[in-house]
Amino acid sequence: MVVGDARSGTLNVDSGVPQGSILGPTLFIMFINDMISQVSTGTNIALYADDTKIWRKIESWDDHVQLQNDISALYDWSIHNKMVFHPNKCKVLVVTGL
């Protein structure tokens with residue numbers, strides 16, 4: 001990148017995709033495309049840009065266990081793909097109907 005007379009150096013991209021490039025969004029979609037295969041049937045996943053949401057209706061203890069297994073599978077995927085989830089940005093929302 002050049003700003004005025006200053007030119008920045010280059011760095012290799014070891015994971016993910018370069019930010020600010022024209023192809024960046026498309027490459028990122030291709031990069032995370034297999035994330036959806038990490039969750040089981042009955043668990044929903046929504047991907048938008050760099051946000052991921054998963055949810056599952058909990059009707060039994062097994063549903064709870066399966067959702068945790070899906071979260072663990074996504075974590076394993078992130079480690080394998082060198083893409084860190086930020087725990088401080090992760091939230092849990094419990095919705096109940098009485």
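Helix α2 (61-80) has 20 residues, which at 1.5 Å a residue should span 28 Å, and its end C-alpha atoms are 29 Å apart, which agrees. The expected span is 1.5 Å times one less than the number of residues. Helices here are DSSP runs of H or I with at least four residues, strands are runs of E with at least two, and both are numbered from the N terminus.

This is a predicted model, in which local features need pLDDT of at least 70 and side-chain atom pairs count only at pLDDT 80 or more, while totals for chains, interfaces and linings use all residues. Residues are numbered from 1 along each chain as its sequence is written, and side-chain values use heavy atoms, with hydrogens and water left out. The pLDDT is the predictor's confidence in each residue, from 0 to 100. The protein averages 85, and 92% of the residues score at least 70. Among the elements, α2 has the highest mean pLDDT (94) and strand β1 (residues 2-3) the lowest (77).

**The two sides of α2**

Buried means under 20% relative accessible area, exposed over 50%, and partly exposed in between (1.4 Å probe, protein chains only). In α2, the buried residues are D63, L67, D70, A73, L74, W77 and S78. They lie on the same side of α2 because they cover an arc of only 140 degrees around the axis, taken from the directions from the helix axis to the C-beta atoms. An α-helix has 3.6 residues a turn, so residues three or four places apart point the same way. The cover over the buried residues includes α1, β3 (44-48) and β4 (51-55). On the other side, W61, D62, Y75, I79 and H80 are exposed.

**The core**

A nonpolar core is a set of buried Ala, Val, Leu, Ile, Met, Phe, Trp, Tyr and Cys residues joined through side-chain atoms within 4.5 Å. The largest one has eight residues: F28, I32, M35, V39, I45, L74, W77 and M83. Two or more of these residues come from each of α1 (24-32) and α2. Leaving aside residues up to four places away in sequence, M83 touches F28, F31, I32, W77 and S78, where contact means heavy atoms within 4.5 Å.

**After α2**

Just after α2, K82 takes a positive phi of about 55 degrees.

| Residue | Relative accessibility | State |
|---|---|---|
| N81 | 17% | buried |
| V95 | 70% | exposed |

The side chain of N81 reaches the backbone oxygen of W77 at 2.9 Å. V95 and K57 are 38 residues apart along the chain, and their C-alpha atoms are separated by 9.4 Å.

Definitions and conventions
Polar contact = N/O pair within 3.5 Å; in protein donor to acceptor, adjacent residues only side chain to side chain.
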